[in-house]
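Have a look at the model on the screen, and then I'll walk you through a few spots in it.

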Amino acid sequence: MKCKITNKPIQPFINFGKMPIANGFIEEKNFSKEFFFNMEVGFNDDLSLVQLNDHPKPEKMFNENYPFFTGSSEYMKTHFKKYANFVKKYIKSNSKIIEIGSNDGTFLKNFNGQSNKVLGFEPSKNVADVSIKNGIPTLNSFFNKKNVANLKEYLGQTDLICASNVICHVPDLNNLIEAVDLLLSASGTFIFEEPYLGSMFQKVSYDQIYDEHIFMFSASSVSKIFQRFDLKLIDAIPQDTHGGSMRYIIKRNNNEINQNIKKIINFEEKEKINSLESCLKFKRDCELSKEKILKKIKLLKNTGKTICGYAATSKSTTVLNYCNIGSKEIDFICDTTKEKIGKFSPGMHIPIKDMDYFHRNITDCIYLFAWNHKNEILNKEKKFKGEWFSHVEL
Ligand code: TMP
(Lines give C-alpha, C1' and ligand atoms only; values in the text may rest on other atoms or scores of the structure.)
Protein backbone atom coordinates (compact mmCIF):
# COMPACT_ATOMS: atom_id res chain seq x y z
CA MET A 1 0.00 0.00 0.00
CA LYS A 2 1.26 3.49 -0.85
CA CYS A 3 1.30 5.95 2.08
CA LYS A 4 -0.32 9.12 0.80
CA ILE A 5 -1.35 12.20 2.69
CA THR A 6 -0.85 14.64 -0.16
CA ASN A 7 -0.89 14.10 -3.91
CA LYS A 8 2.68 15.31 -4.24
CA PRO A 9 5.07 12.38 -4.78
CA ILE A 10 7.55 11.81 -1.99
CA GLN A 11 11.24 11.84 -2.81
CA PRO A 12 12.87 8.48 -1.88
CA PHE A 13 16.28 8.93 -0.23
CA ILE A 14 17.14 5.59 1.39
CA ASN A 15 16.27 1.98 0.72
CA PHE A 16 16.78 -0.53 3.55
CA GLY A 17 16.01 -3.42 1.19
CA LYS A 18 13.81 -6.45 1.72
CA MET A 19 12.15 -6.35 5.15
CA PRO A 20 9.83 -8.74 6.97
CA ILE A 21 7.06 -7.64 9.38
CA ALA A 22 8.98 -6.16 12.35
CA ASN A 23 6.88 -8.00 14.92
CA GLY A 24 6.44 -11.07 12.74
CA PHE A 25 8.21 -13.53 15.05
CA ILE A 26 7.95 -16.79 13.19
CA GLU A 27 7.89 -20.56 13.74
CA GLU A 28 10.29 -22.70 11.72
CA LYS A 29 7.45 -24.43 9.87
CA ASN A 30 6.40 -21.04 8.41
CA PHE A 31 9.83 -19.84 7.19
CA SER A 32 9.00 -20.52 3.54
CA LYS A 33 5.77 -18.47 3.76
CA GLU A 34 7.38 -15.39 5.31
CA PHE A 35 6.17 -12.03 3.95
CA PHE A 36 8.67 -9.36 2.86
CA PHE A 37 8.30 -5.82 1.52
CA ASN A 38 10.71 -3.27 0.07
CA MET A 39 11.47 -0.72 2.81
CA GLU A 40 12.11 2.57 1.07
CA VAL A 41 11.94 5.91 2.89
CA GLY A 42 11.20 9.28 1.32
CA PHE A 43 10.80 12.95 2.11
CA ASN A 44 7.60 14.92 1.57
CA ASP A 45 8.78 18.47 0.98
CA ASP A 46 5.33 20.10 1.33
CA LEU A 47 4.82 18.74 4.82
CA SER A 48 8.49 18.40 5.88
CA LEU A 49 7.66 14.78 6.54
CA VAL A 50 9.89 11.69 6.49
CA GLN A 51 7.85 8.61 5.63
CA LEU A 52 7.82 5.07 4.26
CA ASN A 53 7.05 4.95 0.58
CA ASP A 54 5.19 1.69 0.77
CA HIS A 55 4.02 -0.48 3.66
CA PRO A 56 2.22 -3.77 4.33
CA LYS A 57 -1.54 -3.72 5.03
CA PRO A 58 -2.20 -2.79 8.70
CA GLU A 59 -4.06 -6.11 9.17
CA LYS A 60 -0.74 -7.90 8.53
CA MET A 61 0.75 -6.13 11.56
CA PHE A 62 -2.05 -5.51 14.05
CA ASN A 63 -3.90 -8.77 14.45
CA GLU A 64 -4.70 -11.43 17.04
CA ASN A 65 -0.98 -12.22 17.40
CA TYR A 66 0.41 -8.74 18.08
CA PRO A 67 3.24 -9.47 20.53
CA PHE A 68 3.71 -6.08 22.17
CA PHE A 69 2.35 -5.29 25.61
CA THR A 70 2.98 -1.80 27.01
CA GLY A 71 3.02 -3.24 30.53
CA SER A 72 6.16 -5.29 29.72
CA SER A 73 8.41 -2.37 30.72
CA GLU A 74 8.44 -0.90 34.24
CA TYR A 75 9.84 2.32 32.78
CA MET A 76 6.94 2.60 30.34
CA LYS A 77 4.42 1.91 33.10
CA THR A 78 5.88 4.83 35.09
CA HIS A 79 5.94 6.95 31.95
CA PHE A 80 2.23 6.32 31.31
CA LYS A 81 1.41 7.21 34.91
CA LYS A 82 3.24 10.54 34.51
CA TYR A 83 1.64 11.06 31.07
CA ALA A 84 -1.81 10.51 32.63
CA ASN A 85 -1.01 13.08 35.34
CA PHE A 86 0.14 15.55 32.69
CA VAL A 87 -3.05 15.29 30.61
CA LYS A 88 -5.29 15.84 33.65
CA LYS A 89 -4.88 19.60 33.22
CA TYR A 90 -6.85 19.28 29.96
CA ILE A 91 -9.91 17.65 31.58
CA LYS A 92 -12.48 18.39 34.27
CA SER A 93 -14.62 15.90 36.18
CA ASN A 94 -17.02 13.86 34.03
CA SER A 95 -14.77 14.24 30.99
CA LYS A 96 -14.88 11.89 28.05
CA ILE A 97 -11.48 10.45 27.19
CA ILE A 98 -10.49 8.27 24.24
CA GLU A 99 -7.18 6.56 23.68
CA ILE A 100 -6.14 5.53 20.17
CA GLY A 101 -4.17 2.27 20.28
CA SER A 102 -4.88 1.66 23.94
CA ASN A 103 -2.89 -1.61 23.97
CA ASP A 104 -3.33 -3.47 27.30
CA GLY A 105 -4.93 -0.44 29.04
CA THR A 106 -1.74 0.66 30.85
CA PHE A 107 -2.52 4.38 30.22
CA LEU A 108 -6.31 4.40 30.66
CA LYS A 109 -6.02 2.38 33.88
CA ASN A 110 -4.74 5.60 35.46
CA PHE A 111 -8.24 7.11 35.09
CA ASN A 112 -9.95 4.15 36.79
CA GLY A 113 -12.18 4.97 39.74
CA GLN A 114 -12.64 8.58 38.59
CA SER A 115 -15.79 10.23 37.28
CA ASN A 116 -14.44 10.30 33.70
CA LYS A 117 -15.72 8.11 30.94
CA VAL A 118 -12.89 6.33 29.13
CA LEU A 119 -12.78 4.34 25.92
CA GLY A 120 -9.88 2.60 24.22
CA PHE A 121 -9.51 1.68 20.53
CA GLU A 122 -7.23 -1.31 20.05
CA PRO A 123 -7.14 -3.23 16.77
CA SER A 124 -5.04 -6.17 18.03
CA LYS A 125 -7.45 -8.64 19.62
CA ASN A 126 -5.05 -10.32 22.04
CA VAL A 127 -3.99 -7.01 23.63
CA ALA A 128 -7.55 -5.58 23.54
CA ASP A 129 -8.66 -8.70 25.48
CA VAL A 130 -6.06 -8.01 28.20
CA SER A 131 -7.31 -4.42 28.43
CA ILE A 132 -10.94 -5.54 28.75
CA LYS A 133 -9.86 -8.05 31.43
CA ASN A 134 -8.23 -5.09 33.23
CA GLY A 135 -11.67 -3.40 33.32
CA ILE A 136 -11.01 -0.82 30.58
CA PRO A 137 -13.88 -0.31 28.08
CA THR A 138 -12.15 -1.15 24.79
CA LEU A 139 -13.30 -1.44 21.18
CA ASN A 140 -11.35 -4.05 19.26
CA SER A 141 -11.15 -1.95 16.09
CA PHE A 142 -9.08 0.56 14.16
CA PHE A 143 -9.66 4.23 14.98
CA ASN A 144 -11.12 5.82 11.85
CA LYS A 145 -14.10 7.88 10.68
CA LYS A 146 -16.26 4.84 10.02
CA ASN A 147 -15.64 3.31 13.43
CA VAL A 148 -16.22 6.51 15.44
CA ALA A 149 -19.39 7.47 13.53
CA ASN A 150 -21.63 5.36 15.79
CA LEU A 151 -20.27 6.74 19.04
CA LYS A 152 -23.13 9.25 19.39
CA GLU A 153 -22.33 10.29 22.96
CA TYR A 154 -18.70 11.07 22.01
CA LEU A 155 -19.26 12.99 18.74
CA GLY A 156 -18.28 16.63 19.31
CA GLN A 157 -18.20 15.90 23.03
CA THR A 158 -14.84 14.27 23.65
CA ASP A 159 -12.65 16.39 25.93
CA LEU A 160 -9.43 14.51 25.44
CA ILE A 161 -8.03 12.13 22.83
CA CYS A 162 -4.63 10.62 23.55
CA ALA A 163 -2.24 8.35 21.74
CA SER A 164 1.26 7.15 22.29
CA ASN A 165 3.51 5.75 19.61
CA VAL A 166 0.46 5.11 17.44
CA ILE A 167 -0.22 8.02 15.11
CA CYS A 168 2.95 7.29 13.14
CA HIS A 169 1.51 3.78 12.51
CA VAL A 170 -1.61 4.96 10.68
CA PRO A 171 -1.29 5.04 6.87
CA ASP A 172 -4.50 7.01 6.28
CA LEU A 173 -3.53 9.90 8.50
CA ASN A 174 -6.11 12.19 6.86
CA ASN A 175 -8.93 9.85 7.87
CA LEU A 176 -7.57 9.62 11.42
CA ILE A 177 -7.44 13.41 11.79
CA GLU A 178 -10.98 13.73 10.42
CA ALA A 179 -12.12 11.19 13.03
CA VAL A 180 -10.39 13.23 15.76
CA ASP A 181 -12.14 16.34 14.43
CA LEU A 182 -15.53 14.57 14.57
CA LEU A 183 -15.03 13.63 18.20
CA LEU A 184 -13.31 16.62 19.79
CA SER A 185 -15.47 19.10 21.71
CA ALA A 186 -15.02 22.84 21.02
CA SER A 187 -12.43 23.10 23.80
CA GLY A 188 -11.15 19.52 23.37
CA THR A 189 -7.49 18.52 23.20
CA PHE A 190 -5.68 15.89 21.18
CA ILE A 191 -2.35 14.83 22.68
CA PHE A 192 0.00 12.33 21.12
CA GLU A 193 3.64 11.35 21.45
CA GLU A 194 5.82 9.79 18.78
CA PRO A 195 9.50 9.09 18.10
CA TYR A 196 11.09 12.40 17.08
CA LEU A 197 12.82 12.88 13.72
CA GLY A 198 15.46 15.15 15.31
CA SER A 199 16.48 12.40 17.77
CA MET A 200 16.59 9.77 15.05
CA PHE A 201 18.92 11.92 12.93
CA GLN A 202 21.11 12.80 15.90
CA LYS A 203 21.47 9.21 17.23
CA VAL A 204 21.41 7.57 13.78
CA SER A 205 18.76 5.32 15.30
CA TYR A 206 17.54 4.16 11.90
CA ASP A 207 15.93 1.19 13.64
CA GLN A 208 13.05 3.58 14.45
CA ILE A 209 12.07 2.89 10.86
CA TYR A 210 10.06 -0.29 10.32
CA ASP A 211 6.72 -1.34 8.81
CA GLU A 212 4.67 0.04 11.72
CA HIS A 213 6.46 3.40 11.81
CA ILE A 214 5.16 4.91 8.59
CA PHE A 215 5.80 8.54 9.51
CA MET A 216 8.67 10.15 11.38
CA PHE A 217 7.35 13.43 12.73
CA SER A 218 8.89 16.73 13.74
CA ALA A 219 7.13 19.77 15.24
CA SER A 220 7.22 21.44 11.80
CA SER A 221 5.58 18.51 10.02
CA VAL A 222 2.92 18.04 12.71
CA SER A 223 2.09 21.73 12.59
CA LYS A 224 1.75 21.67 8.79
CA ILE A 225 -0.30 18.45 8.73
CA PHE A 226 -2.86 19.62 11.30
CA GLN A 227 -3.19 23.12 9.83
CA ARG A 228 -4.82 21.50 6.80
CA PHE A 229 -7.69 20.46 9.09
CA ASP A 230 -8.04 23.77 10.95
CA LEU A 231 -6.35 22.24 13.96
CA LYS A 232 -3.38 23.85 15.65
CA LEU A 233 -0.22 22.54 17.26
CA ILE A 234 -0.22 24.62 20.45
CA ASP A 235 2.63 22.96 22.34
CA ALA A 236 5.37 20.34 21.95
CA ILE A 237 7.33 18.77 24.78
CA PRO A 238 10.40 16.52 24.27
CA GLN A 239 10.27 13.06 25.91
CA ASP A 240 12.97 10.47 26.70
CA THR A 241 10.86 7.50 25.65
CA HIS A 242 11.63 5.36 22.60
CA GLY A 243 15.08 6.87 22.38
CA GLY A 244 13.77 10.44 21.95
CA SER A 245 10.15 11.34 21.33
CA MET A 246 8.01 14.48 21.20
CA ARG A 247 4.62 15.06 22.84
CA TYR A 248 2.36 17.15 20.59
CA ILE A 249 -0.64 19.08 21.89
CA ILE A 250 -3.32 19.95 19.35
CA LYS A 251 -6.39 22.13 19.79
CA ARG A 252 -8.88 23.86 17.57
CA ASN A 253 -7.57 26.80 15.56
CA ASN A 254 -8.88 29.56 17.86
CA ASN A 255 -6.35 28.65 20.58
CA GLU A 256 -3.09 30.45 21.35
CA ILE A 257 0.20 28.67 20.78
CA ASN A 258 2.78 28.26 23.52
CA GLN A 259 6.11 30.13 23.04
CA ASN A 260 7.81 26.77 23.36
CA ILE A 261 6.62 25.79 19.87
CA LYS A 262 8.41 28.73 18.30
CA LYS A 263 11.65 27.69 20.02
CA ILE A 264 11.36 24.09 18.80
CA ILE A 265 10.48 25.10 15.24
CA ASN A 266 13.38 27.60 15.21
CA PHE A 267 15.68 24.84 16.42
CA GLU A 268 14.44 22.55 13.63
CA GLU A 269 15.05 25.28 11.06
CA LYS A 270 18.51 26.05 12.38
CA GLU A 271 19.50 22.37 12.35
CA LYS A 272 17.82 21.93 8.93
CA ILE A 273 15.97 18.92 10.35
CA ASN A 274 13.18 19.24 7.83
CA SER A 275 15.24 19.15 4.66
CA LEU A 276 16.28 16.66 2.01
CA GLU A 277 19.88 17.63 2.76
CA SER A 278 19.54 16.22 6.31
CA CYS A 279 17.83 13.11 4.95
CA LEU A 280 20.80 12.49 2.65
CA LYS A 281 23.23 13.00 5.53
CA PHE A 282 21.18 10.50 7.54
CA LYS A 283 21.49 8.00 4.68
CA ARG A 284 25.30 8.30 4.79
CA ASP A 285 25.24 7.99 8.58
CA CYS A 286 23.18 4.77 8.31
CA GLU A 287 25.70 3.28 5.88
CA LEU A 288 28.58 4.16 8.23
CA SER A 289 26.67 2.72 11.19
CA LYS A 290 26.17 -0.54 9.27
CA GLU A 291 29.87 -0.75 8.39
CA LYS A 292 30.86 -0.04 11.99
CA ILE A 293 28.59 -2.63 13.61
CA LEU A 294 29.60 -5.33 11.10
CA LYS A 295 33.26 -4.59 11.79
CA LYS A 296 32.64 -4.78 15.52
CA ILE A 297 30.83 -8.13 15.29
CA LYS A 298 33.51 -9.55 12.96
CA LEU A 299 36.21 -8.58 15.43
CA LEU A 300 34.35 -10.22 18.33
CA LYS A 301 33.75 -13.42 16.36
CA ASN A 302 37.39 -13.52 15.14
CA THR A 303 38.55 -13.41 18.76
CA GLY A 304 36.26 -16.32 19.65
CA LYS A 305 33.65 -14.32 21.57
CA THR A 306 30.04 -15.44 21.81
CA ILE A 307 27.23 -12.92 21.38
CA CYS A 308 23.55 -12.91 22.27
CA GLY A 309 20.95 -10.23 21.65
CA TYR A 310 19.00 -8.67 24.51
CA ALA A 311 15.29 -7.95 23.79
CA ALA A 312 13.65 -9.02 20.55
CA THR A 313 12.41 -5.52 19.75
CA SER A 314 10.57 -4.52 16.61
CA LYS A 315 13.48 -2.15 15.98
CA SER A 316 15.93 -5.08 15.91
CA THR A 317 14.21 -6.41 12.77
CA THR A 318 15.43 -3.38 10.80
CA VAL A 319 19.00 -3.65 12.11
CA LEU A 320 19.35 -7.40 11.62
CA ASN A 321 17.89 -7.43 8.11
CA TYR A 322 19.59 -4.23 6.90
CA CYS A 323 22.98 -5.38 8.21
CA ASN A 324 22.40 -9.04 7.35
CA ILE A 325 23.18 -10.28 10.86
CA GLY A 326 21.90 -13.79 11.60
CA SER A 327 22.40 -16.81 13.82
CA LYS A 328 26.02 -17.24 12.68
CA GLU A 329 26.80 -14.00 14.48
CA ILE A 330 24.21 -13.96 17.29
CA ASP A 331 23.48 -17.23 19.13
CA PHE A 332 20.03 -16.22 20.39
CA ILE A 333 17.99 -13.19 21.49
CA CYS A 334 16.44 -13.22 24.96
CA ASP A 335 13.11 -11.58 25.68
CA THR A 336 10.39 -11.48 28.33
CA THR A 337 7.40 -11.67 25.95
CA LYS A 338 5.88 -15.15 25.97
CA GLU A 339 4.41 -14.68 22.44
CA LYS A 340 7.96 -14.34 21.03
CA ILE A 341 9.75 -17.08 23.01
CA GLY A 342 10.38 -20.33 21.11
CA LYS A 343 9.98 -18.53 17.78
CA PHE A 344 12.60 -16.97 15.48
CA SER A 345 13.42 -13.36 14.64
CA PRO A 346 11.70 -12.05 11.46
CA GLY A 347 13.80 -12.50 8.33
CA MET A 348 17.12 -13.49 9.89
CA HIS A 349 15.69 -16.36 12.00
CA ILE A 350 17.71 -16.01 15.20
CA PRO A 351 16.13 -18.14 17.98
CA ILE A 352 14.23 -16.22 20.69
CA LYS A 353 14.81 -17.57 24.21
CA ASP A 354 13.40 -16.78 27.63
CA MET A 355 15.30 -15.04 30.41
CA ASP A 356 16.05 -18.32 32.23
CA TYR A 357 17.84 -19.59 29.14
CA PHE A 358 19.78 -16.32 28.93
CA HIS A 359 20.91 -16.59 32.56
CA ARG A 360 21.95 -20.23 32.08
CA ASN A 361 23.81 -19.56 28.79
CA ILE A 362 25.59 -16.28 29.41
CA THR A 363 27.60 -15.16 26.36
CA ASP A 364 30.78 -13.06 26.35
CA CYS A 365 29.04 -10.03 24.83
CA ILE A 366 25.50 -8.75 24.51
CA TYR A 367 24.03 -6.75 21.64
CA LEU A 368 21.46 -4.53 23.37
CA PHE A 369 18.57 -4.15 20.93
CA ALA A 370 16.37 -2.38 23.50
CA TRP A 371 18.95 0.42 23.79
CA ASN A 372 16.12 2.79 24.68
CA HIS A 373 15.55 0.73 27.87
CA LYS A 374 19.25 0.72 28.74
CA ASN A 375 18.97 1.94 32.34
CA GLU A 376 16.20 -0.48 33.29
CA ILE A 377 18.01 -3.43 31.68
CA LEU A 378 21.56 -2.73 32.89
CA ASN A 379 20.18 -2.29 36.37
CA LYS A 380 18.49 -5.71 36.20
CA GLU A 381 21.54 -7.44 34.74
CA LYS A 382 24.24 -6.08 37.03
CA LYS A 383 25.70 -9.59 37.41
CA PHE A 384 26.74 -9.64 33.75
CA LYS A 385 30.39 -8.57 33.63
CA GLY A 386 30.97 -8.90 29.86
CA GLU A 387 30.57 -6.25 27.16
CA TRP A 388 27.30 -4.57 26.21
CA PHE A 389 27.21 -2.96 22.77
CA SER A 390 24.73 -1.60 20.26
CA HIS A 391 24.62 0.35 17.00
CA VAL A 392 23.66 3.51 18.91
CA GLU A 393 25.89 4.92 21.61
CA LEU A 394 25.09 3.33 25.00
P1 TMP B 1 9.72 -2.78 21.29
O2 TMP B 1 11.02 -2.04 21.28
O3 TMP B 1 9.29 -3.31 20.00
O4 TMP B 1 8.71 -1.93 21.98
O5 TMP B 1 9.86 -4.08 22.20
C6 TMP B 1 10.46 -4.13 23.43
C7 TMP B 1 10.82 -5.58 23.68
O8 TMP B 1 11.81 -5.62 24.68
C9 TMP B 1 9.66 -6.44 24.19
O10 TMP B 1 9.63 -7.66 23.46
C11 TMP B 1 10.01 -6.75 25.63
C12 TMP B 1 11.51 -6.65 25.60
N13 TMP B 1 12.11 -6.34 26.88
C14 TMP B 1 12.78 -7.32 27.57
O15 TMP B 1 12.86 -8.46 27.12
N16 TMP B 1 13.35 -7.01 28.77
C17 TMP B 1 13.27 -5.76 29.30
O18 TMP B 1 13.79 -5.52 30.38
C19 TMP B 1 12.58 -4.73 28.56
C20 TMP B 1 12.50 -3.34 29.10
C21 TMP B 1 12.02 -5.07 27.35
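Predicted model: local features only at pLDDT ≥ 70, side-chain atom pairs only at ≥ 80, totals over all residues.

Now back up into helix 10 itself, residues 314–323. How many of its residues are buried? The count is 10 of 10, so to speak a mostly covered helix. That run begins with Ser-314, Lys-315 and Ser-316 and carries on through Thr-317, Thr-318, Val-319, Leu-320, Asn-321, Tyr-322 and Cys-323. And what do those buried residues pack against? There are strands, namely strand 1 (11–20), strand 2 (36–44), strand 13 (333–334) and strand 15 (365–368), and there is also helix 9 (276–302).

Ser-314 takes us on to the ligand. There are 16 residues around the ligand, and the ones that come nearest are Ser-314, Asp-335, Thr-337, Lys-340 and Lys-380. For those of you who like distances: a polar side-chain atom of Ser-314 sits 2.4 Å from a ligand oxygen. For Asp-335, an N or O atom of the side chain is 2.8 Å from an oxygen atom of the ligand, and for Thr-337 the corresponding distance is 3.0 Å. On its own the ligand has 490 Å² of accessible area, and the protein covers 96% of that. Which elements give two or more residues to the shell? Those are helix 10 and helix 12, the latter being residues 374–380. Helix 12 has the largest share, with 3 residues.

Last stop, helix 2, residues 74–87. With 14 residues at 1.5 Å a residue, helix 2 should span 20 Å, and the C-alpha atoms at its ends are 20 Å apart, so the two agree. Which residues of helix 2 are buried? They are Met-76, His-79, Phe-80, Tyr-83, Ala-84, Phe-86 and Val-87. Looking down the axis of helix 2, these buried residues fall within an arc of 155°, so they line one face. The spacing makes sense if you remember that an α-helix has 3.6 residues a turn, so residues three or four places apart point the same way. The other side of helix 2 has Lys-81 and Lys-82, both exposed. As for what covers the buried residues, that includes strand 7 (158–164), strand 8 (184–195), strand 10 (231–239) and strand 11 (245–252).

That's my tour, over to you.

Terms used: Residues numbered from 1 in each chain as written. Heavy atoms only, no water. Helix = DSSP H or I, 4+ residues; strand = E, 2+ residues; numbered from the N terminus. Expected span 1.5 Å × (residues − 1). Buried < 20%, exposed > 50% of the residue type's maximum accessible area, 1.4 Å probe, protein only. Arc of directions from axis to C-beta. Contact = heavy atoms within 4.5 Å. Near = heavy atom within 4 Å. Polar contact = N/O pair within 3.5 Å; in protein donor to acceptor, adjacent residues only side chain to side chain. Areas by Shrake-Rupley, 256 points an atom, 1.4 Å probe, with all protein chains shown as cover.
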